[in-house]
Amino acid sequence: MTSTSPRPAPRSSPRPAPRSAGPSPGRALTVAQARRIAVAAQGLDRARPRVPVMGHLQRVVDRIGLLQIDSVNVVARAHLLPLYSRLGAYDVALVDRASGHRPRRLVEFWAHEASYIPPRTYQLLRWRMEQYRRRDHWGRELAHHPGLVAAVRDLVADAGPVTASEVHAALGHRRGPKEHWGWNWTPAKHALEHLFNIGEIAAARRTPQFERAYDLTERVLPPAVLAAPAPPESDAVRELVAIAARAHGVATVRCLADYFRLPAQATAAAVAELVQTGTLEPVTVRGWRRPAYLHTGARVPRRTAARALLAPFDPLVFERRRVLDLWGMHFRIGIYTPAARRTHGYYVMPFLLGEHLVARIDLKADRQAGALRVRAAHAEPADAVPGLAPGSWPARGAVAEELAAELGEMADWLGMAAVAVDDDAVGDMRADLASAVGRG
């Protein structure tokens with residue numbers, strides 16, 4: 001369960017644009033080229049810095065545009081793992097500095113679900129805040145508590161940054177018993193979320209318990225960002241699509257809409273404008289039945305030397321149809337699936353090697369035992385990979401060795417003394433990985 005609220009305001013689910021829409025397709029790309037473009041666009045093929053510093057973190061954020069937030073801490077917080085996949089063993093205090101201190105480089109809002117985004121991108125989402133102002137679920141609920149929103153806003157203005165717990169205590173609100181798996185929020189928490197959704201307050205930082213500490217938005221965003229007028233919705237959507245296109249390298253309208261959860265029709269219109277301005281180039285990807293668009297700044301590498309474990313919330317695997325079309329992987333996040341229906345485990349991380357997703361493992365950081373535990377290890381079948389060149393699929397033993405090395409580096413970063421493949425771990429790669437870990 002996440003500590004962030006479900007999105008209360010209605011939003012348009014990204015739907016593919018009609019196949020007849022859009023300009024005539026241009027040059028053709030193979031699926032292998034599209035895979036390499038996607039990996040390179042996410043910065044996963046670049047050498048990790050020896051000593052990551054704030055500048056490296058900033059370049060990752062500039063490249064991928066957002067970090068999804070989730071409170072699940074089975075391995076590490078969700079927003080920390082995509083940075084590790086690209087930077088290696090970085091100091092997570094860099095994220096605290098970037099999101100909670102000046103100069104502020106990251107702020108929270110609803111982007112691809114709850115996310116850290118650059119402050120300028122926050123301003124590109126002002127139209128979404130206005131939608132919440134008109135149709136926010138919590139705002140309707142708060143009609144039963146006249147004066148509460150103003151009281152909470154005044155409290156934040158006087159005492160911020162404040163957590164929800166501190167607001168509860170100040171207003172004398174108590175949580176009721178949990179009646180189901182979700183949230184047992186007080187009216188004060190509803191008011192905080194409403195004010196957050198409409199942009200009047202923002203998250204100034206996260207506490208060690210991962211609670212938001214709220215403050216007035218004008219005390220969180222940099223003055224230069226606040227001084228710039230918020231663009232009209234159509235201009236903002238076009239800029240968001242441009243960010244998504246840069247992060248994808250090559251994508252369909254559906255993929256571009258999904259990145260910031262944008263309406264499909266508005267996304268298609270933005271794509272058409274970006275084609276006209278030369279930001280996007282219409283292309284075909286062999287085997288795809290939908291039009292695709294290549295960011296004109298995207299690299300098209302001949303090969304990639306990537307090696308990374310990807311969090312379930314990594315931007316490379318946001319859009320499940322794209323993961324299937326590029327890598328042949330049916331990927332699902334196990335934490336939201338009942339145990340009896342999980343196919344690969346609870347916290348499943350795909351393993352990227354070269355241009356391919358070659359395996360997936362279920363991991364758990366056992367902090368009490370000081371071990372990074374492998375609960376399941378499954379190899380991906382080569383025959384499911386579209387456009388696979390002969391001889392390009394790595395041998396099972398080589399995958400196990402590379403995966404064991406990557407696990408060892410991750411364990412060091414997490415402060416774990418060892419990698420342990422559990423005796424009752426499942427999956428067809430379990431024995432190979434256990435042997436490789438034992439040799440490491």
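Predicted model: local features only at pLDDT ≥ 70, side-chain atom pairs only at ≥ 80, totals over all residues.
The buried residues of helix α4 (residues 93-100) are Leu-94, Val-95, Ala-98 and Ser-99. These residues span an arc of only 120 degrees around the axis, which places them on the same side of α4.

The loop between α4 and β3 contains Pro-103. The peptide bond leading from Arg-102 to Pro-103 is cis, with omega near -5 degrees.

## Packing of α2 against α3

On the α2 side, the residues in contact are His-56, Leu-57, Val-60 and Ile-64. Their partners in α3 are Leu-83, Arg-86 and Leu-87.

## Aromatic pairs and the cluster

A pair of aromatic rings is described by the distance of the centres and the angle of the planes. Rings whose centres lie within 6.5 Å count as a pair. By this rule the model contains eight aromatic pairs. One of them joins Phe-109 and Phe-196, with 5.7 Å from centre to centre and 40 degrees between the planes, and is classed as tilted. This pair links distant parts of the chain: Phe-109 belongs to strand β3 (residues 107-111) and Phe-196 to helix α10 (residues 187-197), 87 residues apart. Both Phe-109 and Phe-196 are buried.

Phe-196 also pairs with Tyr-214; the ring centres are 6.4 Å apart and the planes stand at 80 degrees, so this pair is edge-to-face. Since Phe-196 lies in helix α10 and Tyr-214 in strand β7 (residues 212-216), the pair ties together parts that are 18 residues apart in sequence. Phe-196 counts as buried because its relative accessibility is 1%, under the limit of 20%. Tyr-214 is likewise buried, with a relative accessible area of 0%. Ring pairs join Phe-109, Tyr-122, Tyr-132, Phe-196 and Tyr-214 into a cluster.

## Arginine over aromatic rings

Within the cluster, Phe-196 has Arg-212 over its face, at 4.0 Å from the ring centre. Arg-77 lies over the face of another ring, that of Phe-210, at 4.4 Å from the ring centre.

Phe-210 is found in the loop between β6 and β7. Its phi is positive, about 70 degrees, although Phe-210 is not a glycine. With a relative accessibility of 7%, Phe-210 counts as buried.

In helix α9 (residues 164-171), the buried residues are Ala-164, Val-167 and His-168. Viewed down the axis of α9, they fall within an arc of 105 degrees, so they line one face of the helix. The buried residues of α9 pack against α8, β5, α10 and β7.

The face of α9 turned away from the buried side carries the exposed residues Ala-169 and Ala-170. Just after α9, Gly-172 adopts a positive phi of about 75 degrees.

Gly-160 and Pro-161 are joined by a cis peptide bond, with omega about 0 degrees.

## Other loop positions

Arg-261 is placed in the loop between α13 (253-259) and α14 (264-276). Phi of Arg-261 is near 55 degrees, a positive value in a residue other than glycine. Arg-261 has a relative accessibility of 16% and counts as buried, because the limit for that class is under 20%.

Ala-305 is placed in the loop between β10 (292-295) and β11 (307-309). At 58% relative accessibility, Ala-305 counts as exposed, because that class begins over 50%. Ala-305 and Val-39 are 266 residues apart in sequence, whereas their C-alpha atoms are 9.8 Å apart in space.

Technical notes
Residues numbered from 1 in each chain as written. Heavy atoms only, no water. Phe/Tyr/Trp six-rings, centres within 6.5 Å; stacked < 30°, edge-to-face > 60°. Helix = DSSP H or I, 4+ residues; strand = E, 2+ residues; numbered from the N terminus. Buried < 20%, exposed > 50% of the residue type's maximum accessible area, 1.4 Å probe, protein only. Lys NZ or Arg CZ within 6 Å of the ring centre and 35° of its normal. Arc of directions from axis to C-beta. Contact = heavy atoms within 4.5 Å.
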